[in-house]
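Q: I'm new to reading protein models. Could you walk me through a few features, one at a time?

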Amino acid sequence: MRRRSSGVFSSVMMLAVLGAATLATPALAIDSCVASLKQQAISAGVRPEVAQKMLSGAKYDEKVIRFSTAQPEFKTEIWDYMAFLVDPQRIQDGKANLKKHARTLDAVEKRYGVDKHIVLAVWGIESDYGNFRGDFYTPHALANLVCAGKRRQKYFRGELMKTLQIASRGDVRMDDFQGSWAGAFGQTQFMPTTFASLAVDFDGDGRKDLVNSVPDALASTANFLKNAGWRNSRLWGFEVKVPKGYSGPSGRKNYASMSTWTKRGLRNLDGSTFKSKADTALIRPAGANGPAFLVTRNFKALRSYNASTSYGLAIAVLSELVSGGDPIMTPWPTDNPGLSRAQRLELQKLLNRNGFNVGEPDGKVGPMTRKGIRAAEAKYGMPVTGRPSWNVYYALGGR
């Protein structure tokens, strides 16, 4: 749990500082605010040298503030989101890591009762199996959200204080806090307060190190999901066939028995009736014309990791595919699907080759790439969206 710190600045005083800071220019605002945060951290028990080192040099970061208002899980069409996260390379790498870390994954599943393929999928989605930790230094990103953000400043302040306390205790080295714009860090991207309550030392070295220890990261993720309600006695869910014109209940909170769903006309994809007895809810993430799934309360546990149905589905589907299961069988309702990571990288190369300069190709679709896509779409008479789609990829020569 996040604790209030009893520093020399009261909560009222801190809010006053933050309120005054927002009236100044961003650069000046964050400088004065960060100085106050250092004192807050020391008063909360953080070693002075830790507070000084980890917060010194924090400057206004436009990307952090921009990202805080536009999370991809809620802005991206699900077929784009899934094409990017559950692509052939991530599936292949997942299967390789399933073998490489078999002993650890088996031990984690036995200890916590969470399907090892689900744990592996979280690792794959969150950091590409430890290969990508994030673009932001955690304390600086959080300082921006506290000092220049537009919402939840008190929450992010608590996360920042917890980050500094974790470093002060020595679980994670000061230089290893690399992660997301929102403060999540490590191979499975824990928020600092979540780390404090649920991270575990699975390799037995006396430290809870989610950055450099694969066993600690995987076990901590399993511990999180167990506490969120995951039970291996039930599936996450499965794809189903919904009768044409169905107008009955749907939504992730509307649970019903399998016999009830059968009476409503739902069936397995092969047309058979359901054998499971678990209560499930019907989700249709792309609407009535796309794939449909009956999900158990295990899906709720997945969603608790990141409050997005798209995210939960990406974890679930990746876990199926790395374990040899089937992909989603019903097509997404679009004739212009999304691109994999490899295709996004190739798209950037094609944009440059065709005169739409987007900088050094890296597979990440940022403002420059979207600007280039919009210019290409305009040239080829397409709707101008800036979206990395198959149509623009194909028009530029992609195959």
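This is a predicted model: local features need pLDDT of at least 70, side-chain atom pairs count only at pLDDT 80 or more; totals for chains, interfaces and linings use all residues.

Q: Okay, what about opposite charges?
A: The general idea is that side chains of opposite charge can pair when their charged atoms come close. Searching the whole structure turns up 13 salt bridges. One of them is between the side chains of E62 and R66, at 2.8 Å from N to O.

Q: Why are E62 and R66 separated by about one helical turn?
A: Because E62 and R66 are four residues apart in helix α4 (residues 62-67). E62 is partly exposed, at a relative accessible area of 41%, and R66 is partly exposed too, at 32%.

Q: Which residue does R341 form a salt bridge with?
A: R341 pairs with D128, and their closest N and O atoms are 3.3 Å apart. This pair links distant parts of the chain: the two residues are 213 residues apart, with R341 in helix α17 (residues 341-353) and D128 in the loop between α9 (116-127) and β1 (136-137).

Q: Are R341 and D128 buried or exposed?
A: R341 is buried, and D128 is buried as well.

Q: How about R207 and D209: what is the N to O distance in their salt bridge?
A: Their side chains meet at 3.6 Å, N to O. R207 is partly exposed, with a relative accessible area of 23%, while D209 is buried, at 3%. Salt bridges can share partners too, and here that joins D87, R90, D128 and R341 into one network.

Q: Now the strands. How do I read a sheet?
A: Strands of a sheet pair through backbone hydrogen bonds, either parallel or antiparallel. Here five strands form an open sheet with antiparallel pairing, and the order is β4-β6-β7-β3-β5.

Q: Which strands stand at the edges?
A: β4 and β5 (267-268) do; each has a single partner strand, so one side of each is left without a neighbour in the sheet.

Q: Which residues face each other across the strands?
A: Let's go along the sheet.
- β4 (residues 255-256) and β6 pair antiparallel over two bridges, and Y255 has A281 as its bridge partner in β6.
- β6 and β7 (residues 292-295) pair antiparallel over three bridges, with I283 opposite F293 in β7.
- β3 and β5 run antiparallel and are joined by two bridges, with K241 opposite R267 in β5.

Q: Which residues lie on each side of β6?
A: T280 and L282 are on one side, A281 and I283 on the other. These four residues are all buried, and both faces of the strand (residues 280-283) are covered.

Q: Last one: how many residues of helix α10 are buried?
A: In α10 (residues 138-147), 10 of its 10 residues are buried. Among them are H140, N144 and C147, so look for those with the cut-off of under 20% in mind.

Notes. Residues are numbered from 1 along each chain as its sequence is written. Side-chain values use heavy atoms; hydrogens and water are left out. A salt bridge is a side-chain nitrogen of Lys or Arg within 4 Å of a carboxyl oxygen of Asp or Glu. Buried means under 20% relative accessible area, exposed over 50%, partly exposed in between (1.4 Å probe, protein chains only). Two strands pair if DSSP finds at least two bridges between them.
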